[in-house]
Amino acid sequence: MKKAILFFAVLMILGLSIMAQQIRVSGVVTSVDEGGISLPGVTVMVEGSTRGTITDAEGHYEIEVAPDEILVFSFVGMVTQRVPVEGREVIDVGLRMDVAQLGEIVVTGYGTESRRLISGSVGVVGEEDIQESALRTIDGVLQGRSAGVQITQSSGTPGAANAIRIRGSSSISAGNEPLVVVDGIPVTTGDYGQVGFSGQRIDALADINPNDIESITVLKDASAAAIYGARATNGVILITTKRGSDRDTRISFNATTGVQDIENRLEMLNASQWHELKGTQPQDSDAMVDTDWLSEVLSTAPTMNYELSATGGDDATQFFMSGNYYNQEGVLIGTSYERLSGRVNLDHKVSDKLDLGISFGASYALNNRVEGDQSLNAPLANAIANPSIYPVYNQDGSYNEGAPFANPVAIGKEAINEAHNFRTIGNMFANYRILDNLTFNTKWGFDYLSLREHSYDPATTRQGARSNGIGLEGQNNVLNIVSNNTLRYLNTFAGYHNVELMGGYSFELFQRRNSFIRGVDFPNPYFQYISEAATISGASANATDRGLNSFFGQLRYNYDYRYILSFTSRYDGSSRFGDENRYGFFPAASVAWRMSEEDFFRSWDLPVNELRWRAGYGITGNDGIPDFAYLSLYGGGSNYRGQAGIFPRGLANPDLKWETTYQYNAGVDMGLFDDRIEISLDYYYNHTKDLLFSRPISYTSGYGSITTNIGELENRGIELSLTTVNFDNGGFSWTSSFNLSRNRNKVLSLYNDQPLDNLGRGSNSVRVGEPIGIFYGYKSLGVDPSTGDIVFADINGDGSITSEDRTKIGDPNPDFTGGFTNRLTYRNFELSLFLQFSYGNDIFNGTRIYIESMKGSDNQTTAVLRRWQQPGDETDIPRATELDPNNNNRISSRFIEDGSYLRVKNLSFSYRLGRGLADRIGVSSARVFITGQNLLTFTNYSGMDPEVNYAGPSDLVVGTDFFTHPQVRTVSLGVNLEI
């Protein structure tokens with residue numbers, strides 16, 4: 001008995017001794033090659049044992065080990081790492097990618113995933129591509145970088161909004177812009193300006209500094225984007241900003257300065273040519289005025305950009321801080337864009353279970369604009385239209401207003417059109433590890449936009465003189481509050497079954513408050529604010545509140561990283577619909593098979609190291625219509641004899657429901673010769689039903705229109721991406737990246753199949769069986785050599801030309817779009833060339849209707865010098881006549897031109913100083929570079945720029961040039977320093 005007691009006592013002492021030697025080790029596992037992004041699902045094992053754990057959604061782990069044991073960190077796609085414990089209680093590990101396995105880590109909806117484990121269609125634009133672009137806006141750096149993403153810079157106006165389309169247009173009125181998410185929080189996009197400047201809209205995305213961005217992920221198909229449900233029909237752009245690291249503090253400084261000009265100008269008639277055309281003579285030929293109006297309003301302009309950032313931290317706290325000043329003077333008189341921004345991202349590890357963090361960005365932008373395109377008070381349009389026989393100034397130095405149109409120099413120098421944009425975007429989050437495999441995340445964010453517009457036309461301008469000065473003030477405050485809450489479970493079963501479960505709840509609260517006031521009759525040009533106006537000629541104020549709440553979930557599963565499944569669902573509720581249709585259910589599923597991981601495939605001894613087949617299907621929604629269109633709305637201000645009154649504003653439609661898109665996607669990804677060649681090919685088909693549109697109704701109802709669901713349309717297309725390592729040896733490397741997209745859009749049905757006609761200056765049309773926005777007009781057969789008039793096709797054969805002879809005359813939608821990047825490095829030198837192209841799209845050159853009309857008071861281009869003048873002349877320009885009984889200038893194919901182009905979007909040459917030289921100047925790294933943007937454009941288009949649309953990012957009015965500001969060409973010098 002005593003021996004037994006002694007034996008058990010010894011065992012207890014040994015057990016206590018062993019337990020006393022156990023320590024709890026915790027840490028974070030990150031990807032070294034992906035800028036320190038955390039890695040969920042990493043297996044952490046004690047070497048030589050079966051004890052282990054995996055990292056949670058934020059890359060954290062915790063395990064009990066002996067002080068002298070070794071931890072083994074392994075993750076698919078990463079190089080396995082052995083780390084001796086050596087008595088440490090905190091061990092953070094950075095894993096490097098095993099290029100031959102799963103490639104980079106990609107940010108996806110509410111998480112991250114290895115590139116080769118993604119079964120949906122995504123595009124990624126990395127930091128290197130972002131930094132080499134001279135354009136300092138998000139949409140600017142995205143252009144041409146990702147297959148299926150078409151970005152049209154509708155004009156060259158500084159700070160102007162661009163049109164972004166992912167896999168075509170899926171709506172005719174509910175919006176086609178993608179959802180933009182910054183650090184997990186959907187942000188406000190679009191134009192909130194109230195002072196009209198035709199298509200020159202303000203771009204809310206211009207407030208974000210591209211230098212703060214780590215990566216951009218584009219979710220293109222439903223299986224990738226459906227986690228965002230109601231607003232994912234047009235795709236999702238995920239922006240991830242830079243964060244700190246546990247390394248020593250690094251300070252970076254970037255400076256760029258450059259000059260801008262216009263590559264191509266219109267050739268207008270000079271004074272003598274004008275007189276010859278009109279058959280007139282100057283009063284004094286020796287002192288004949290010959291003003292080059294375009295040279296008066298267009299000039300070379302400077303641009304500059306300065307950025308300062310700091311990043312660093314320790315095991316517990318990491319930070320990233322940045323500041324930016326950007327200034328772009330416009331090449332067009334009176335225009336400029338100036339932005340001052342800052343950002344702070346902070347991450348702190350409170351304990352082994354709790355992490356906290358914040359992201360905060362603030363910016364102020366000043367946009368000086370001028371009226372454009374359709375306005376009679378537009379400097380560029382008036383400089384084109386005013387004949388050269390009129391001087392800029394009178395003899396006494398005052399502005400000459402004797403020309404047919406307002407003096408463009410007076411407008412540019414005297415008129416004030418300021419947009420002051422204050423923007424703050426921020427979020428705070430917490431991650432709590434309930435269990436080793438179970439993590440709760442909550443993130444609360446906000447986006448506050450304050451836009452103040454101040455406009456003043458003094459009496460020294462023609463427009464201001466009519467009212468003795470005109471002043472406008474607009475204030476728009478937009479607040480969007482977002483809360484995302486998720487619960488995530490990660491685990492591996494039996495060594496092969498990898499499972500990730502995520503469920504969440506999200507809500508958004510949107511508020512908008514805007515006011516507008518107009519005053520006239522000011523004491524003199526030095527008084528410009530509304531309080532100094534003698535008469536308030538108009539005022540308004542409005543308020544809007546709306547909400548969105550959502551439940552969502554996701555299952556990701558893969559067997560041995562070979563067979564991959566993903567199921568996603570989201571249940572969205574929008575205040576824009578009535579009780580019966582308020583909630584929509586948006587599911588998606590996708591599968592992938594890594595065929596290259598099969599034993600039979602490996603036995604074939606092919607040069608293919610990765611072959612992955614993908615397929616997906618999902619449903620997404622769109623609620624982009626005016627708020628509360630399902631209700632009978634009433635408005636105030638309908639006053640009578642001094643008594644307040646109200647009036648009905650909208651007809652109720654309780655049956656209004658979600659616009660829904662059914663998306664199909666199939667693709668294949670291939671890597672050859674150890675990924676020296678990577679190919680990705682996708683085919684998609686998107687079918688949109690219940691199109692939302694405010695259709696006209698009979699005025700006998702008391703209303704002019706009603707918002708309803710009216711039809712269907714489809715988009716189908718292919719996308720190709722090709723990346724190659726052409727050469728990599730002996731200090732010299734050459735890599736290429738090419739992407740090509742083809743999208744075909746077709747309207748399947750409308751309300752009673754009635755077309756939407758005569759849209760915009762180019763008579764865009766929406767018709768069943770045709771793509772959105774085709775040009776619809778008369779078909780020109782050329783100039784009749786006997787009469788000098790245009791011959792138009794008699795489509796219906798009735799012997800006369802009437803409106804019934806109109807037909808499809810062009811299509812603004814391109815056949816193909818894409819980009820081609822080549823990057824060459826030799827030792828410390830690097831050369832990068834980026835080409836961007838569009839092929840097969842037509843442009844309606846509406847400017848030519850006026851500047852090739854040969855009638856009225858508009859100046860003409862030199863094309864009219866080859867006009868028809870006598871019988872037998874063969875030419876494409878009709879006769880000059882003021883009466884024009886044939887209406888030669890009607891909307892016809894005469895003004896349709898091929899809009900295809902190939903553009904040298906970016907050319908950059910840089911040199912990185914050697915370490916020794918950098919040390920001597922007191923920095924750890926230094927790079928100098930010269931960059932050219934929009935250097936050359938190869939096109940047959942006769943206008944100033946083939947990448948154009950006077951209506952900006954309009955859904956229906958597309959592909960039309962009407963006195964539109966062209967893109968600018970920029971050459972910049974810069975330096976990047978790191979301390």
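This is a predicted model: local features need pLDDT of at least 70, side-chain atom pairs count only at pLDDT 80 or more; totals for chains, interfaces and linings use all residues.

Colleague: Let's pick one. Which residue does R452 meet in a salt bridge?

Modeller: R452 pairs with E473, at 3.9 Å from N to O. R452 sits in strand β24 (residues 438-457) and E473 in strand β25 (residues 470-493), so the bridge ties together parts 21 residues apart in sequence.

Colleague: And is E473 buried or exposed?

Modeller: E473 is buried, because its relative accessible area is 16% and the cut-off for buried is under 20%. R452 is partly exposed, at 29% relative accessibility.

Colleague: OK, next one. What does E947 form a salt bridge with?

Modeller: With K905; the closest N and O atoms are 3.9 Å apart. E947 is in the loop between β51 (937-939) and β52 (960-961), while K905 belongs to strand β49 (residues 901-912), so this pair links parts that are 42 residues apart in sequence.

Colleague: How accessible is E947? And K905?

Modeller: E947 has 3% relative accessibility and counts as buried. K905 is buried too, with a relative accessible area of 1%.

Colleague: Is R594 buried or exposed?

Modeller: R594 counts as buried, at 2% relative accessibility.

Colleague: Switching to the backbone. What's the phi of D521?

Modeller: It's near 70°, a positive value in a residue that isn't glycine. D521 lies in the loop between β26 (497-520) and β27 (535-559).

Colleague: What's the relative accessibility there, at D521?

Modeller: D521 comes out at 33%, so it counts as partly exposed.

Colleague: And F963, what about its phi?

Modeller: F963 also isn't a glycine, and its phi is positive, about 55°.

Colleague: Where is F963, and is it buried or exposed?

Modeller: You'll find F963 in the loop between β52 and β53 (969-978). F963 is buried, with a relative accessible area of 7%.

Colleague: Great, that's what I wanted to go over. Thanks!

Conventions
Residues are numbered from 1 along each chain as its sequence is written. Side-chain values use heavy atoms; hydrogens and water are left out. A salt bridge is a side-chain nitrogen of Lys or Arg within 4 Å of a carboxyl oxygen of Asp or Glu. Helices (H or I, at least four residues) and strands (E, at least two) are DSSP runs, numbered from the N terminus. Buried means under 20% relative accessible area, exposed over 50%, partly exposed in between (1.4 Å probe, protein chains only).
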